[in-house]
Amino acid sequence: LAVGVALGAERLAGVLRRRLPEPGVGPAAVLAGAALLPLAMLPDLAWGGLGRLEAVRYPADWARAAEVLAREPGHGDVLVLPFMTYRAYAWNDHRVQLDPAPRLLPETTVTDDALPVGAGSGATIVAGEDPRVAAARRALAEGRPLRELGVGWVLVQHGTPAGPVDTAAADTELRALTPAYAGDWVTLYRLPEPGQPPADRAGAAPAVPVLAADAVALLLAGGAILWLLLPVGRVRRTSVGER
């Protein structure tokens, strides 16, 4: 487009130079028209949309979460919650924007890549291409570990509209974890390695009483079975029946 406009302006200037009595007037008029053409077609671009186009600084939470991920490379991919393709943050004056996680974080992210077309309940959802997004939805709904999907981190964004799966769906797996970083806008959780217990077992049942109760239950069940199988048990049942 840029090359075509330049060639067209050059051709038009040549025609006007030959036909106008003053040779310099034609090229000057073409130059002025070519310079003003973009503003004439897109008047909102004048003065940056009257102040609406401006640079926005991201909160420091994003940089700190990225630093945590950079210190532990290879731990796994980052699942971004809540599921939503587009975001709207208060620090960006609630302007609609793409999820910044894939562009700001140093690890591979698992983010919702579905495309909503329309607004409200009548919107049409164009399915995304990443099969792990659908698998992550099912894992959260069924309470299965996300580690099976190669996910080692969960980034929860705050102050942004939630998608079809709210962050509450991840409470079962995240409530027992200590955040690797917790800020006003993002919270980063580190999932334990396979076979490794979570760092914080707050709210979980203590292991010793549970194991003791299991042992007592097994002893009672085993004793009852032995009582029925041993001769003493059979004799006792027979004598009781005869009475």
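Leu98 is located in strand E3 of the predicted model. With a relative accessibility of 45%, Leu98 is classed as partly exposed, because that category covers values between the 20% limit for buried and the 50% limit for exposed residues. Leu98 belongs to a nonpolar surface patch that also includes Tyr86, Val96, Leu115, Val117 and Val126. Together, the residues of this patch have about 510 Å² of accessible area. At least two residues of the patch come from strand E3, which spans 96-98, and at least two from strand E5, which spans 115-117.

Arg87 lies in strand E2, formed by residues 86-88. Its relative accessibility is 2%, so Arg87 is classed as buried, the cut-off for that class being under 20%. The side chain of Arg87 makes a polar contact of 3.0 Å with the side chain of Asp99. When residues up to four places away in sequence are left out, Arg87 touches Val80, Leu81 and Pro82, as well as Arg95, Val96, Gln97, Asp99 and Pro100. Gln157, Thr160 and Pro161 are also touched by Arg87. Val96, one of these contacts of Arg87, is also a member of the nonpolar patch.

For the protein as a whole, the secondary structure consists of nine helices and nine strands. Of the 243 residues, 29% are buried. Among contacts with a separation of 6 or more, 65% are between residues 24 or more positions apart.

Key:
Residues numbered from 1 in each chain as written. Predicted model: local features only at pLDDT ≥ 70, side-chain atom pairs only at ≥ 80, totals over all residues. Heavy atoms only, no water. Patch = residues over 30% accessible without salt bridge, like charges linked within 9 Å, V, L, I, M, F, W, Y side chains within 5 Å. Areas by Shrake-Rupley, 256 points an atom, 1.4 Å probe, with all protein chains shown as cover. Salt bridge = Lys/Arg side-chain N within 4 Å of Asp/Glu carboxyl O. Helix = DSSP H or I, 4+ residues; strand = E, 2+ residues; numbered from the N terminus. Buried < 20%, exposed > 50% of the residue type's maximum accessible area, 1.4 Å probe, protein only. Polar contact = N/O pair within 3.5 Å; in protein donor to acceptor, adjacent residues only side chain to side chain. Contact = heavy atoms within 4.5 Å.
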